[in-house]
Every structure is written in structure tokens, then in C-alpha cells.
Amino acid sequence: MDPAIWEKIKDHPCYSEEAHHYFARMHVAVAPACNIQCNYCNRKYDCANESRPGVVSERLTPDQALRKVIAVASEVPQLSVLGIAGPGDACYDWKKTKATFERVAREIPDIKLCISTNGLALPDHVGELADMNVDHVTITINMIDPEVGAKIYPWIFYDHRRYTGVEAARILHQRQMLGLEMLTARGILTKINSVMIPTVNDEHLIEVNRWVKERGAFLHNVMPLISDPAHGTHFGLTGQRGPEAVELKALQDSLGGGAKLMRHCRQCRADAVGLLGEDRGQEFTLDKLPDEVIYDAGKREAYREVVACERGDHVAAKSQAVAIVKAADSGKSLLVAVATKGGGRVNEHFGHSKEFQVYEASPRGISFIGHRKVEQYCLGGRGADATLDGVIAALERIDIVLCAKIGDCPKDRLAEAGIRATDVYGYDYIETAISALYAAEFGVEPMAATA
């Protein structure tokens, strides 16, 4: 990778799969207004335990956002990125977005700034984004064919008018492509988010991937539709289903020759705080912030020094692990689900996991391919059996589960479902553990575990 590109992404948990093991993001909900309606979105619904774009527990003014960012930056040393992802559209509610970025950049100049947008108003603000050193922009692009778009977007509001149907989708498409091309010309990295909607745009996303690659997109993130009827979205209320995990993987695999894929997305809330896969936002609501917040850069600086050493060790271990797997030349693959709470290690108890990271070991090496969200199994109360049933269902087609610790009961239940589980590799690097499993499975010499 170009060193200049690597410098931009190496600490950004969304743009670098490696970085998401070590670095955290923070979203501030300063942009509530939106200029389009999506059939998968309802920004009025909120649940503190839910991770879904558009969801927030409290909206902030730019001054409140600054106060919150300083408090988080002082307490969460992993923080590297500040994003504005709504709950509406960051480019449409531009005055609040710009004011927030200007305030934060003055106080914490080393934090990366990024936005997420539907792209309709994006071309109007590319110059200002570049001037503010915003070098990461995410655009949600679900279609290039307006006929498909009309099934996703009931209306848009553009140039002081409301448009509907195919005409609305055509305008949105043109503005999205223009914005993407303008960002590429400025050297700003772009990530394209696409929502996979079975029977609506699932096959069409192959074309979307090709188009965005041709226009310079750095990453393409294909996400599953979330359509719980309780959220009150049009798709949820009309019975439009989301894709199964195997369907999502199949689509992602089919895009291998297009724009580089992001597979570690967690579809974060618009007020998320913490590492991907965790959300500490409820720890930093306005009522819990101290009256006076003073930025202390010491924790973040010390953390980065530790991570720099750890990453070097991890990269060496990963390289050795991949070589072991490739040397096996078995022609076979293993799907491994890992319970982890960060650092790239097998370091979470099976019963405490709220998600499992999924890796595939094959003759091509070891690849992160996604995650499976689950309800926490071990809560010390009733209903554990039903919860475990849900966890097992979520681990469909997984061969082996790696965790720091697991009890006999869940281990036996997993075995009955044809899923092996082990805590033998607890606290090893994930790739090291997977290579040892692969070596044992296919009869090659395993590598030693990394401390």
C-alpha cells in the first residue's frame, strides 16, 4: 500500500481491519435533519442496547459535542476517530457538522475527522471538507439504476423541491456519483456503504460495486438490511426480510474482483463510542459528564506507544500463521468464530460474548469475513437455555469456536449442533490460534503460540 494511504488508515478502525482491533471511534449526533427518506430507516426509534444507524439517545449542539468529545478522549485512550453520521445527514445539516469539526479540531488536532452521508448534498461541501482536512467520507449508495432506487427511496428533497419515484432516485444517483468523483479528485478516501435488501438490490449490488470502483472508492461495505417490525420502518412493517449470514457472505464473495470489501462493519449507532463491536455511549451521556472537562492527551499518547509495539508483534505472528495455513496445501477451509474483546486476541469468555468474529482459513490464508451478533448467554439468571439456542443458531455453518473460557454445558450443546469449541488457545493472537487449529486438522506442523 502507498505509505501516504497507510498513514491515513492505520489508526482508523473502519478503514483498516487491522486497526479495528486497537482503535475506537466516536460519533456525535449533531446533524438530525435529513434530505431523503429511506424505506429501511426510522430515526424516531431508540433503544440503548441496539446498534443501528440513525439511532441516538440524545441530540447534541456543537458546543455539547465538543464537551463530550473532550470527556471521551480523556477517558478512552483507544479513541482515534470522530465521525458525524447523523442521525440525519451530515452534509444536509452542514452548519452543525462544520461547527462541530471546527471546535474539535482546535482542541484535539490529532483526532481524525470523518462523515457519513447519503451523498445528495455532498458535492456542495467537498471543498470545505478538504479545507478542514477531513480525509475519510462514507457515502451510502444502494443503487445505480433509478428503477431499483425507487423501491428504496420514497422521496428526496433537493434544490427546494420534493421529488418522488424514479425521478428522485435519478437525481440522487447523479449527485452520489458526482460527489464520489469530486472526493477522489481531492485525494479524500471514500467508503461506500450499501444495504443488501433481498429481491430488491442484492444482485444489483454487483453493478454498484463495479461503478464505485471505477470512480475511485477505497472500500465497499455491503451491510445486511435490518428490518425488525418493532423499529417502525417501511421495510420492517411490510415484511421485507434481511439477508441470512450465508447470503451476505455469498454476495461479498462474489464481489472479490471489484472494490476492496470491508467486512468488519458493525452498523454503528449515530452516537456510538468505543471499539467496533462495543458501545460505551451510555457512559458518556450529557448528564454523566463532569461540569468542567479538560483534555488530557497523556492516556492516548501512552496507549499509542503500547499499540505500536503490540502491532509489530501481531503482524509478525500473523505472517507466520498465514504461512502455516498456506503450507498445508489441503484444499480445504475452516470457518472459525472467535470470542474477542479487542487486541486481536482470543480473550473473551464464551458466555460473555455479544458477537463472534468470523475467520476463514483456507489455502489462500486466513481472512476476516464478518461477525455474528448474539445475545449474551451468561447473565446469571433464567432463560439461559433459550439464549444459548439463539447463539447456536447464529453460529450456523461455523466449524470451530475459539474463546478464552467455556463451560461444559454450552460446549456439549455446541457439539450436539456439530460445532466444536475450545478454550485451549485463550489469549493467543487470533491468527496464531487458527493456524494451530488448521495444522492439527490437516496434519501439518503447528506453530508455537504467541504470548
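**Reading a predicted fold, feature by feature**

Guide: Proline 87 lies in the loop between β3 and α3, where helices (H or I, at least four residues) and strands (E, at least two) are DSSP runs, numbered from the N terminus. A cis peptide bond, with omega of about 20°, joins glycine 86 to this proline 87. This is a predicted model, in which local features need pLDDT of at least 70 and side-chain atom pairs count only at pLDDT 80 or more, while totals for chains, interfaces and linings use all residues. Residues are numbered from 1 along each chain as its sequence is written, and side-chain values use heavy atoms, with hydrogens and water left out.

Visitor: How should I read a sheet, and in what order do the 7 strands of the open sheet stand?

Guide: Strands of a sheet pair through backbone hydrogen bonds, either parallel or antiparallel. Two strands are taken as paired if DSSP finds at least two bridges between them. Here the order is β9-β8-β5-β4-β3-β1-β10, with mixed pairing. At the edges are β9 (219–224) and β10 (273–275), each of which pairs on one side only, and the twist averages 25° from one strand to the next. Within this sheet, β1 (residues 24–27) runs parallel to β3 (residues 79–84) and is joined to it by 4 bridges, with alanine 24 opposite leucine 79 in β3.

Visitor: In which sense do strands β6 and β7 pair?

Guide: Strand β6 (residues 155–158) and strand β7 (residues 161–164) are antiparallel and share 4 bridges, and tyrosine 158 stands opposite arginine 161 in β7. Their hairpin has 2 residues between the strands, and aspartate 159 takes a positive phi near 55° there.

Visitor: At what angle do the axes of helices α2 and α3 cross?

Guide: Two packed helices are described by the angle between their axes and the distance between the axes. Axes are lines fitted to C-alpha atoms, for helices over the stretch in contact, and angles run from 0 to 180 degrees between N-to-C directions. The axes of α2 (residues 62–75) and α3 (residues 94–107) come within 9 Å and cross at roughly 35°. Counting contact as heavy atoms within 4.5 Å, residues of α2 including Leu66, Val69 and Ile70 meet residues of α3 including Ala99, Arg103 and Val104.

Visitor: How many disulfides does a search of the whole structure find?

Guide: The search finds 0, a disulfide being a pair of cysteine sulfur atoms within 2.5 Å.

Visitor: Is cysteine 268 buried or exposed?

Guide: Buried means under 20% relative accessible area, exposed over 50%, and partly exposed in between (1.4 Å probe, protein chains only). Cysteine 268, at 14%, is therefore buried, whereas cysteine 409, at 43%, is partly exposed. Serine 362, in strand β12 (residues 355–362), is also buried, with a relative accessible area of 5%. Leaving aside residues up to four places away in sequence, serine 362 touches Val325, Lys332, Ser333 and Tyr438.

Visitor: Where is tyrosine 427 found?

Guide: Tyrosine 427 is in the loop between β15 (420–422) and α13 (430–442), and its phi is near 75°, a positive value in a residue other than glycine. Tyrosine 427 is exposed, with a relative accessible area of 51%. Glutamine 267, in the loop between α9 (245–254) and β10, has a positive phi near 50°, but glutamine 267 is buried at 11%.
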